[in-house]
Amino acid sequence: MDVELVIAAQRGDEESFALLVVAIGGRLQSVAHRILRDFDLAEDATQQALLRIWKNLPKLRDPARFESWSYQLLVRACYAEAKRSGHWTPGLRLVETDEPTVDPMAGVADRDQLERAFRSLSVDHRAVVVLRHYLDMPMDQVADALGIPVGTATSRLHYAMKGLHAALDAAARPTAQEAIS
């Protein structure tokens, strides 16, 4: 991130801020969607984060931390949107049919299973997974973006991965009806 651009925006230069939004806006939107798993909620969270960034930018002490600070505000906005929306997730379930065993859509089914498992995580756990694995942030930056200690971020990541594995394992087990057949 261009520190001079951040400093100019801190002084109230709207054009500099617009350039910052162009530089980081797409990534903020993408991260919000990965955390919230809903385009409309992600859009709302991104807009709220951008408003908070503009409002609080003059208070940012270290312009070099702009990007990490922006993610911190975004994650808070995602939490607020998730809370406001009531954590709605669809309760869909795949139904077995008498189709051939070779399924050309197996990759799609695997991706859907992973999506359902990811949706089963709390917003806290999704946020740490997205920041660590999607943005490839080191754990100290993940902790900073979430406003928590590194140990807590590491613990959340551990439990998030454990939850993903458990959800995927549960989805792979046959249902009671399938076991009887």
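This is a guided tour of a predicted model, one selection at a time.

**Ground rules**

Local features need pLDDT of at least 70, side-chain atom pairs count only at pLDDT 80 or more, and totals for chains, interfaces and linings use all residues. Residues are numbered from 1 along each chain as its sequence is written, and side-chain values use heavy atoms, with hydrogens and water left out.

**Whole chain**

Start by selecting everything. The chain holds nine helices and zero strands. Helices (H or I, at least four residues) and strands (E, at least two) are DSSP runs, numbered from the N terminus. Read from the N terminus, the elements go α-α-α-α-α-α-α-α-α. Of the 181 residues, 35% are buried. Buried means under 20% relative accessible area, exposed over 50%, and partly exposed in between (1.4 Å probe, protein chains only).

Now look at contacts, meaning heavy atoms within 4.5 Å. Take those in the chain between residues at least 6 apart in sequence: 68% join residues at least 24 apart.

Colour by pLDDT, the predictor's confidence in each residue, from 0 to 100. The chain average is 85, and 83% of the residues score at least 70. Then select residues 88–102, where pLDDT is below 50. Beyond near neighbours in sequence, this stretch has six contacts in the model.

**Helix α1**

Select residues 3–10, which form α1. Which residues of α1 are buried? They are L5, V6, A8, A9 and Q10. These buried residues pack against α2 (14–36), α3 (39–56) and α4 (66–85).

D2 caps the N-terminal end of α1, with a side-chain oxygen 3.1 Å from the backbone nitrogen of E4. A polar contact is a pair of N or O atoms within 3.5 Å; within protein, one must be able to donate a hydrogen and the other to accept it, and residues adjacent in sequence count only if both atoms are side-chain atoms.

Next comes G12, which follows α1 and has a positive phi, near 100°.

**Helix α2**

Pick S16 in α2. S16 is buried, at 6% relative accessible area. Which residues does S16 touch, leaving aside neighbours within four places in sequence? L5, A8 and A9.

Move to A18, also found in helix α2. A18 is partly exposed, at 39% relative accessible area. Draw a line from A18 to W54: the C-alpha atoms are 9.9 Å apart, across 36 residues of sequence.

Two packed helices are described by the angle between their axes and the distance between the axes. Axes are lines fitted to C-alpha atoms, for helices over the stretch in contact, and angles run from 0 to 180 degrees between N-to-C directions.

Show α2 and α3 together. They pack at an angle of about 145°, with axes 9 Å apart. α2 passes α3 in a right-handed crossing. A crossing is left-handed if the near helix is turned anticlockwise from the far one by less than a right angle, and right-handed if clockwise.

Now the loop between α2 and α3, where R37 lies. R37 is buried, at 16% relative accessible area. Phi of R37 is positive, near 65°, in a residue other than glycine. Most residues other than glycine have a negative phi.

**α3 against α4**

The axes of α3 and α4 come within 8 Å and cross at roughly 135°. That makes α3 oblique to α4. Angles under 35 degrees count as roughly parallel, over 145 as roughly antiparallel, 65 to 115 as roughly perpendicular and the rest as oblique. α3 passes α4 in a right-handed crossing. Residues making the contact include L41, D44 and A45 of α3 and F66, W69 and S70 of α4.

Select R61, in the loop between α3 and α4. Buried or exposed? R61 counts as exposed, at 83% relative accessibility. The C-alpha atoms of R61 and Q10 are separated by 10.0 Å, at 51 residues apart along the chain.

**Helix α6 and beyond**

Jump to residues 123–134, helix α6. V123, R126, A127, V128, V129, V130 and L131 are buried there.

Last stop: D136, in the loop between α6 and α7 (139–146). D136 counts as exposed, at 58% relative accessibility. Its phi is positive, about 60°, although D136 is not a glycine.
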